Amino acid sequence: MRPLCAALALLVAAVPALRAADRPARDKALEQAVDGALAFLKNTQKDDGSWSAGRSGRNPGVTSLAVMAFLSAGHVPGEGKYGDAVEKGVRWVLRAQQANGLIASDGGHEMYHHGICSLMLAEAAGMTEGPLADEVRRKLEKAVLVILKGQRKEGNNHRGGWRYMVNGYDSDISVTGWQLMALRAAKNLGCDVPPEAIDRAVEYVKRCQDPGSGGFRYFPGGPLTVPCTGTSILGLEICGKDQHRSPEVLKAASFLLKNPPQWGQTHFFYSVYYCSQATFQLGGQYWNSYREQMHKVLLGNRSDGGGWYGRDAEGQIYGPNYCTAMGVLALTVEYRFLPIYQRGEEPNDK
């Protein structure tokens, strides 16, 4: 498996460079916002390479989000003005992995941490070289096994999903989204992800859709939310061409356009992170409409220091590092540096 992983990693890493010339001209205000936010994150990084999550201290999940923010803007470990910050962040997350493969510092939300960290390692593996790349891939393989173990195997409603803890019987779209993203990114890298694990997750996501509005619920029969809808669209879109722009996906996308991002709304940064990726995958009027409103809201609410301070409860609990990393990830989806941000260039993407 190691030669296959290495070969695919080189291929994935080459994709952003090949498509760089095809990207639309970057908006100057967008570039300034991203550059300012990355400078903010560089200044808030701890000496050991970690980032804190508000009052909860050093946090592997938020550290991984910060690392991905740099990667998403084209900054790779060990190179350029942010190379040292990115490498230190990756190494801190690697050291945080436990002997059983789990990467988490909060026992009550361990799969949130683990899914985000696993996604970051999968993305970093395709943008890293040398001994560090080898270590990232080894630890990613252990992390994937934890995700596969944590997938719910029983129950009519929860089968195929994930929840806060590795062990359990319940599930929700929020935690499931991170695991599905991590598995797809790892699979794209050549890691061993059984097709049935993806299939079960897709079926779980579909069970969460509200047939009336087209939006998605937090879990089957649970509350209908905008961020869960963005998460579900993205999960379906990255799981194969047969899901791309399916009737379920397009109905959900229409729900998103009826509920544009508004500053201070519940789960704001989580929502713009997933909804930006979801609408970008769909392209066309879905992306153009969402992009315009997202830019208006994000660019109009930056702090003087370049980062974002959330007004909702989640943003205040997890702090400006979380908010700023998520803001950058939402804005840079169109840069397409992260392998998970790639999309097929069909005519309807124009």
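This is a predicted model: local features need pLDDT of at least 70, side-chain atom pairs count only at pLDDT 80 or more; totals for chains, interfaces and linings use all residues.

Take Cys208. The nearest cysteine sulfur belongs to Cys228 and is 7.8 Å away. The cut-off for a disulfide is 2.5 Å, so Cys208 is in no disulfide. Cys208 is also buried, at 0% relative accessible area. Cys191 is buried too, at 5%.

Next, Gln45. Where does Gln45 sit? In the loop between α2 and α3. A polar atom of the Gln45 side chain lies 3.0 Å from the backbone oxygen of Gly49. Leaving out residues up to four places away in sequence, Gln45 touches Ser50, Trp51, Ala85, Lys88 and Gly89.

Now the charges. How many salt bridges are there? The count comes to nine. I'll show some of them.

Arg58 pairs with Asp48, with the closest N and O atoms 2.9 Å apart. Both residues are in the loop between α2 and α3, ten residues apart. Arg58 is partly exposed at 44%, and Asp48 is partly exposed at 29%.

Then Arg291 and Glu334, at 2.8 Å, N to O. Arg291 is in helix α12, Glu334 is in the segment after α13, and 43 residues separate them. Here Arg291 is partly exposed at 22%, whereas Glu334 is buried at 8%.

Last, a network. Salt bridges with shared partners join Arg152, Arg163, Asp170 and Asp172. Within it, Asp170 meets Arg163 at 2.9 Å. Asp170 is partly exposed at 32%, but Arg163 is buried at 16%.

Conventions. Residues are numbered from 1 along each chain as its sequence is written. Side-chain values use heavy atoms; hydrogens and water are left out. Buried means under 20% relative accessible area, exposed over 50%, partly exposed in between (1.4 Å probe, protein chains only). Helices (H or I, at least four residues) and strands (E, at least two) are DSSP runs, numbered from the N terminus. A polar contact is a pair of N or O atoms within 3.5 Å; within protein, one must be able to donate a hydrogen and the other to accept it, and residues adjacent in sequence count only if both atoms are side-chain atoms. Contact means heavy atoms within 4.5 Å. A salt bridge is a side-chain nitrogen of Lys or Arg within 4 Å of a carboxyl oxygen of Asp or Glu.
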